[in-house]
There are 2 protein chains.
Amino acid sequence: MVIEPPYLIFLGDVPDALAAKTGLGIVDWRPEWCIGQLRLEGCKADAGIPDLSIAEAKEKGVQTMVVGAVNAGGVLPDHWVASIVEALEAGLNVATGLHTRLASIPEIAEAAARGGAGLHDVRFSDVRFATGKGTKRPGKRVLTVGTDCSVGKKYTALALEKEMRNRGWNADFRATGQTGVFISGRGAAIDAVAADFISGAVEWIAPAADSDHWDLVEGQGSLFHPSFAGVSLGLLHGAQPDLFIVCHEPTRKTMRGVSHPLPSIQDVIDLTVTCGRLTNPDIACAGIAVNTQKLAEDDARKLLDELSATYGVPATDPIRFGVASLVDRIAELG
Amino acid sequence: MVIEPPYLIFLGDVPDALAAKTGLGIVDWRPEWCIGQLRLEGCKADAGIPDLSIAEAKEKGVQTMVVGAVNAGGVLPDHWVASIVEALEAGLNVATGLHTRLASIPEIAEAAARGGAGLHDVRFSDVRFATGKGTKRPGKRVLTVGTDCSVGKKYTALALEKEMRNRGWNADFRATGQTGVFISGRGAAIDAVAADFISGAVEWIAPAADSDHWDLVEGQGSLFHPSFAGVSLGLLHGAQPDLFIVCHEPTRKTMRGVSHPLPSIQDVIDLTVTCGRLTNPDIACAGIAVNTQKLAEDDARKLLDELSATYGVPATDPIRFGVASLVDRIAELG
């Protein structure tokens, strides 16, 4: 799935910034791709970029309108359909991560046919991937893994990309979830791929590259999450990472959506190495990324120091303290 | 996915028994459900059950015509469509494991609408499963796992069901692949489920049961197969087996479809226990099932004795020597 930038970010008339999380995330990480935003009357979210009409966006070279907001229930409200139709008739592609396929709405399907533009339903995977081959391919790869879902795997991978690029490295974030696909303009929502093709899809997402190129592969779930571990294992095998970063949220008591306790960081390191060796015998842990948002700064620093001493790798909070220490270690190991 | 027996097995005009493998497998394991076969002129396969017309099948109470044969390329030949339309018009359901959706063929979709019968595309999963919860549910479960794909996991699970039922146990084979779904009349082709729902689908396939009930869950792939390990792990977590049987083919040098060597049986036992504990802390290995087809009988017996001594569990070839020793051990452990 390739989504062509630059983008017009459609925010609809959502009642708050949370409902526009996807759009705001794209603007955060890819400001250079986001020419403007389209907001309907009453919209309470603001990405802080120019408000543009569809005609203005077209004139400024926008290729794709990304629906970066979600209505209650994940459905597409009727009054958003008109904006999508207008964009398609202007020849823009339209991309969404909604549960409804765009083409299932007749006005949208007809407008796409008239405008000749593409419809991208990031939540559905229509690509027929090959099954994974597991053979080592050139290029270096870092995978973010987790003690749970929603512990900062995407953020950490993006922060690593940014830090590496700032240092002049050849580095690309590789998306495996829908927001990530919008941010990178490429990738697949791996959780929607048919089970047989998980590792094969990741081999496509993070393909062979130059020997000094770094892929920062967005992890999903956890090998210890009883709902999603299959996704995490296929992703690990497909990514064949040289290095991985363990992402963790220290105040969480049970894994997201289930009643299981979180595994220890050591458990995650051990099982990731055991399983990861199948497609990369040299896999190693390069650091720990902790979401310390719920801790006072002193407590956060103390925890990170303890974790670093215990595991012998840098530990940081990417949001609070950056990822320079992780990239330093990657440089040493890589 | 529930497929209503009894069945009429459609064998088309395939050139040999191999192309009718699915149909012959259903007749082998569920003779009581297979009222008859429908063969077109020139068919070289024979399931050894009565040849019936669709009208005769209907009269004898058949509920579903199962397409138990596959044409070169897995497509549905035009001259098979007529038989499917006739079955649908007679009010029979039709089930296939082909790559083409039945409803994508207009004559078939229209005939289904006219006859009021169901179309089952086993290779496609339209069921929206819940994500796995991983909470322990009542009932006992055995999962067949493997050192590779295609090493007898389905056969072993079916043989265990048969032996247990012969002993008067309350036991059900639980299908996770397309042929298995036809044989059990229920289940899902787990490799076609969206990745996020692997373990959830298995929780549906092998649901809560009486405390003395045994599920024999058909395994898929291998935790060590770089293409399919994600499927195997989600299946393990969803099945939450009390006991597992390791299936193995001793002459194979590399894993199916890839260049990786096979893992050892010990590797498979260790990783299955490590990962399986997440949803069943008491998981244990109950035996080894070996496909010794390529060995002379003496060599086969010698190998099985060695494996049994090494691993401290019964080792057998289910086809050659039956599974009584495995069920004896399950009785001791269960």
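In which segment of chain A is Pro6(A) found?

Analyst: This is a predicted model. Pro6(A) lies in the segment that comes before β1 of chain A. The peptide bond that joins Pro5(A) to Pro6(A) is cis, and its omega is about -5 degrees. Chain B has a cis bond from Pro5(B) to Pro6(B), with omega near -5 degrees. There, Pro6(B) is placed in the segment before β1 (7-12) of chain B.

β1(A) is one of five strands of an open sheet, arranged in the order β2-β1-β3-β4-β5 with parallel pairing. At its edges stand β2 (34-39) and β5 (119-121) of chain A; each has a single partner strand, so one side of each has no neighbour in the sheet. On average, and with direction ignored, neighbouring strands in this sheet are turned by 20 degrees against each other.

Strand β4 (residues 93-96) of chain A runs parallel to β5(A), and three bridges join the two. Within this pairing, Ala95(A) has His120(A) in β5(A) as its bridge partner.

Two helices can be described against the sheet. Helix α1 (residues 21-29) of chain A lies across β1 (7-12), β2 and β3 (64-67) of chain A, and it runs at about 150 degrees to β1(A). Helix α3 (residues 78-89) of chain A lies across β1, β2, β3, β4 and β5 of chain A. The angle of α3(A) to β3(A) is about 165 degrees.

Ser150(A) sits in the loop between β6 (140-146) and α5 of chain A. Its phi is near 50 degrees, which is a positive value in a residue other than glycine. Arg165(A) and Glu161(A) are about one helical turn apart, because they are four residues apart in helix α5 (residues 153-166) of chain A. Over all chains, the count comes to 31 salt bridges.

None of those salt bridges is formed across the two chains: the count between chain A and chain B is zero. The count of residue pairs in polar contact between chain A and chain B is 16. The contact takes 37 residues from chain A and 37 residues from chain B. About 2,500 Å² is buried between chain A and chain B, with 60% of it on carbon and sulfur atoms. On the chain A side, Ala195(A), Asp196(A) and Leu278(A) lose the most area to chain B, together 20% of what that side buries. The elements that give two or more residues to this side are α7 (198-205), α8 (229-239) and α9 (265-276) of chain A. Of these, α8(A) gives the most, with six residues. By class, the side of chain A that touches chain B has 17 nonpolar, 16 polar and four charged residues.

Six strands form an open sheet in the order β7-β8-β6-β9-β10-β11 (chain B), and the pairing is parallel. Its edge strands are β7 (170-174) and β11 (315-316) of chain B, each of which pairs on one side only. Strand β9 (residues 243-248) of chain B runs parallel to strand β10 (residues 284-290) of chain B, joined by six bridges. In this pair, Leu243(B) stands opposite Ala284(B) in β10(B). Helix α8 (residues 229-239) of chain B packs on the sheet and touches β6 (140-146) and β8 (213-217) of chain B, its direction making about 165 degrees with that of β6(B). Helix α12 (residues 324-333) of chain B also packs on the sheet, where it touches β6, β8, β9, β10 and β11 of chain B. The direction of α12(B) makes about 180 degrees with that of β10(B).

Conventions
Residues numbered from 1 in each chain as written. Chains lettered and ligands numbered in written order. Predicted model: local features only at pLDDT ≥ 70, side-chain atom pairs only at ≥ 80, totals over all residues. Heavy atoms only, no water. Contact = heavy atoms within 4.5 Å. Buried area = accessible area lost by both parts, 1.4 Å probe. Salt bridge = Lys/Arg side-chain N within 4 Å of Asp/Glu carboxyl O. Polar contact = N/O pair within 3.5 Å; in protein donor to acceptor, adjacent residues only side chain to side chain. Nonpolar A, V, L, I, M, F, W, Y, C, P; charged D, E, K, R; others polar. Pairing = 2+ DSSP bridges. Axes fitted to C-alpha atoms, helices over the stretch in contact; angles between N-to-C directions.
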